[in-house]
Structures are given as structure tokens and as C-alpha cells.
Amino acid sequence: MKEKGMTTINLKKFNRNKVYQYIYQQKETSKLQIVRDLQMGLSTVSQNLNELEQDGLICRNGYFESTGGRKAQIIRIVEDFRISLGLGILKDMFHIVAVNLYGEVMATETIELPYVNSDTYYTSLAENVETFILNRQYEPEKIEGISIATQGIISPDGTAVIYGDIMGNTQMKLSDFSSRLPYSCHLEHDSKSAADLELWNHPQFDSALIFLLNPNLGGAIITNHKVHQGKHMHSGLFEHICIDPNGPDCYCGHRGCLETYCSANALKAAAGMPIKDFFKILHTTQTPTLLRIWRDYLDHLAFAIRNLNLVIDSPVIISGYLAPYFRNADMQYLLEKINEQSLFHMEEDQLLVGNHGQYTPAIGAALYYLKEFLSPVIS
Ligand SMILES: [Zn+2]
């Protein structure tokens with residue numbers, strides 16, 4: 001599309017972006033395919049490919065199987081031309097991941113570091129991040145930025161945590177990170193980061209409900225292909241929906257919140273043992289008491305899903321730390337329980353389970369800089 005009034009420089013940029021975007025989406029393509037599908041002249045495409053290759057954005061390696069004539073060279077983007085880092089900060093540790101331009105995980109690490117709002121903490125965190133980068137020999141100029149997912153509600157301008165009762169991180173500021181790390185930094189609410197990852201993995205969903213089954217429960221709502229933030233940034237805070245005013249105490253100061261039934265911590269407390277051990281025993285022995293605890297957990301989750309689905313009629317994605325422990329039989333049971341007392345029938349393909357476990361928020365956060373890099377190309 002040649003836009004009226006577009007300068008030559010803009011048109012060149014526009015074409016270059018179009019070619020790069022096309023290659024990105026195709027993953028593997030050839031020069032002639034680009035010419036044909038973008039309806040651009042051969043010389044324009046050749047020139048753009050040469051420039052993109054010189055700048056290190058694309059590579060040409062190998063050949064497609066011949067279909068008769070000369071074999072066509074395979075063109076791909078350079079997947080690690082830019083790397084985005086994501087951190088997932090929890091009370092006792094933080095997760096760190098690196099993703100490439102396709103959002104594929106290149107490395108993950110868990111670092112034990114109890115959260116304290118102090119200089120020592122942030123300095124130690126920054127040192128660990130630098131070591132992570134150094135150990136993997138990522139060139140600093142390739143790192144597009146570091147996006148940090150933490151528990152707590154982030155201010156609308158993204159500079160600070162404004163509610164952080166779980167970790168006591170209400171004082172956490174973006175500058176605590178950006179002043180210590182020589183990269184662009186960005187701060188996010190971890191359940192929203194998780195939702196970003198699930199959305200990235202399921203781009204076909206216009207809307208969805210995300211349950212982040214982490215040590216603390218989190219929730220997020222996707223509408224119009226976007227995570228719904230809300231006027232005060234607290235849309236999707238399912239964890240504090242009260243399901244029994246006389247129920248157990250929640251860290252928020254109220255009682256009977258969903259957090260006290262459906263967080264991994266609640267399951268751990270009911271089981272009286274670490275989550276790993278609980279599932280190991282449950283899956284090998286089917287001990288009736290453990291099975292009852294697990295079913296009780298699933299019953300509460302089904303209750304929440306059934307009710308929230310009346311607010312947002314959409315697929316539901318189970319995500320986060322507990323997600324990898326869900327087996328087919330558990331999903332079946334959950335679906336049965338959802339449908340048992342529901343006005344509307346939920347189909348099997350509307351209930352999904354994420355597959356990045358504890359790293360979900362960190363990976364979701366990392367997508368921020370990757371999308372930043374790609375956005376001038378994609379839009
Ligand atoms: Zn609560």
C-alpha cells in the first residue's frame with residue numbers, strides 16, 4: 001500500500017518492515033514467495049533482504065527442496081537478534097528467563113533471595129541478573145530490556161507497586177531496578193504477565209479468564225485480545241472474591257477469599273506437606289485423604305470458574321505453578337464439576353491448562369520488550 005504523501009524514507013522503512021514482518025510470520029520463506037505474496041518488485045525485495053541481512057536481522061541458510069527449477073534459499077529472521085529478559089519476583093526467590101524474538105525460552109533459572117525492601121536486596125538481585133547474562137554470554141547490546149513481574153498492583157504509570165500486602169513490597173519502585181541495571185526496565189503485576197503469556201500462546205482467543213495457581217492465587221481477564229487492567233489496575237483480582245464471609249483469614253485482612261481455598265499455599269496447608277511431595281504421593285498411591293484434599297481444592301476451583309464464566313463467557317486457562325500437576329483426569333473432573341451446577345454447558349476445549357509452570361509470570365513479562373521491538377514492524 002503506497003500511502004499518499006509518504007516520503008521516500010518512510011516508504012523505504014515501510015517496505016523494510018513489511019518484508020521483515022512477513023519473514024517473521026512465515027518463519028521460513030524464499031525471495032520469490034515474498035515477491036509474490038507482498039506483490040513487491042524483485043529488486044525492491046532483493047535490496048531489503050540485503051539490508052536486513054547486513055544489519056543482522058535475517059539470515060539465509062540452506063535451501064528448500066527443489067520443485068523443478070533452481071533451489072530456493074531459505075530465509076529466516078535471526079531469532080536472537082534481540083533477547084528479552086523476564087523476572088518473576090516472589091517472597092523467597094526470583095525466577096529469571098531469557099526469551100528470543102519468537103517468545104521461545106532460551107534459559108531459565110531460579111535464584112533463592114528472600115524479598116526485603118532494602119538496598120542490599122536490590123543490589124544482590126541486580127548482581128544475579130548480571131551473572132545470568134554473563135554466564136550465558138549474551139551480548140549486552142542484544143538485550144532489549146528487563147521486565148519484572150511481581151505480586152502486587154502496579155501504579156497506572158508503571159513506576160511503583162501501590163498495593164503489595166503479600167510480599168510487603170508496597171514501597172517497590174521501578175527505579176529500584178532501573179538504577180542498578182544498565183538496561184531498560186519495566187514493572188508488571190505478575191498475574192497480568194501470566195495472562196500475557198497465555199494470550200501469546202492462544203492468539204485465537206478474543207477473551208479468556210486466567211487462573212494463576214501460584215503460591216498465592218492470581219487472576220486476569222482478557223478481553224479484545226488484551227489484558228484488562230481496569231480503572232484502578234485491579235481488574236481480574238479473583239483471589240479476593242469472598243466465597244465464605246466466615247471462611248479462613250486472608251492476608252488482605254478479610255475472610256473466606258478465594259485465595260484461602262485455591263492458592264497453592266492453601267493446598268499446601270491442607271495437605272500439610274510441600275506441593276511436590278503431595279502430588280508425588282497422590283499420583284503414586286491415590287491415598288484417600290490426599291485425594292479428598294485434591295478434590296476439595298478442585299471443587300472450589302470449579303465453583304470459581306463456573307461463577308466467573310457468567311461474568312465473562314470465555315475459555316478458561318489454568319496457569320502457573322500448579323498447572324503442570326493437572327492431569328487429564330483432573331481436567332475431566334474439573335469440567336464435570338463446573339458443568340454439574342451450571343446453567344450453561346462448558347465444552348472440553350474451553351478449559352485449558354498452561355505449560356510453563358512456575359516460570360509463567362517471568363516469561364509473560366519478558367514478552368513486553370519483545371513486543372516493543374516487534375511493534376513498529378507488526379503495526
Ligand atoms: Zn483476600
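Phe344 is exposed, with a relative accessible area of 56%. This value, like every other one here, belongs to a predicted model. Phe344 sits in the loop that runs between helix H11 (328-340) and strand S14 (351-353). Together with Leu310 and Leu343, Phe344 makes a nonpolar surface patch of about 390 Å².

**The chain as a whole**

The chain contains 12 helices and 14 strands. Its radius of gyration is 23 Å, close to the 21 Å that the globule rule gives for 379 residues, so the chain is as compact as a globular protein of that length. The C-alpha trace spans about 70 × 50 × 45 Å along its principal axes. Of the 379 residues, 51% are buried.

**The zinc site**

A zinc ion is coordinated by four side-chain atoms: ND1 of His240 and the SG atoms of Cys250, Cys252 and Cys257, at 2.1 to 2.3 Å. The angles among these 4 donor atoms are 105 to 118°, and the site is tetrahedral. The class follows because four donors count as tetrahedral if all angles lie between 85 and 135 degrees. For comparison, the ideal angle for four tetrahedral donors is 109.5 degrees.

Along the sequence, the donor residues follow the spacing H-x9-C-x1-C-x4-C. His240 and Cys250 are 10 residues apart, and both lie in the loop between strand S12 (226-227) and helix H7 (259-262). His240 is partly exposed, at a relative accessible area of 21%. Cys250 has 7% relative accessibility and counts as buried. The two labels differ because the cut-off for buried is under 20% relative accessible area.

**Salt bridges**

A search of the whole structure finds 12 salt bridges. Three of them are listed here with the distance between nitrogen and oxygen.

| Residue | Partner | N to O distance |
|---|---|---|
| Glu53 | Arg60 | 3.0 Å |
| Glu144 | Arg82 | 3.0 Å |
| Lys337 | Glu340 | 3.5 Å |

In the bridge between Glu53 and Arg60, Glu53 is partly exposed at 33% relative accessibility, while Arg60 is buried at 15%.

The bridge between Glu144 and Arg82 joins two separate stretches of the chain. Glu144 lies in strand S6 (residues 143-150) and Arg82 in the loop between strand S2 (73-77) and strand S3 (83-89), so the pair ties together parts that are 62 residues apart in sequence. Both partners fall in the partly exposed class: Glu144 has 23% relative accessibility, and Arg82 has a relative accessible area of 22%.

Glu340 is partly exposed, with a relative accessible area of 49%.

Terms used:
Residues numbered from 1 in each chain as written. Predicted model: local features only at pLDDT ≥ 70, side-chain atom pairs only at ≥ 80, totals over all residues. Heavy atoms only, no water. Donors = N, O, S within 2.8 Å, 3.2 Å for Na, K, Ca; no water. Tetrahedral: all angles 85-135°; square planar, octahedral: opposite > 155°, others 65-115°. Helix = DSSP H or I, 4+ residues; strand = E, 2+ residues; numbered from the N terminus. Buried < 20%, exposed > 50% of the residue type's maximum accessible area, 1.4 Å probe, protein only. Patch = residues over 30% accessible without salt bridge, like charges linked within 9 Å, V, L, I, M, F, W, Y side chains within 5 Å. Areas by Shrake-Rupley, 256 points an atom, 1.4 Å probe, with all protein chains shown as cover. Salt bridge = Lys/Arg side-chain N within 4 Å of Asp/Glu carboxyl O. Rg over C-alpha atoms; globule rule 2.2 N^0.38 Å.
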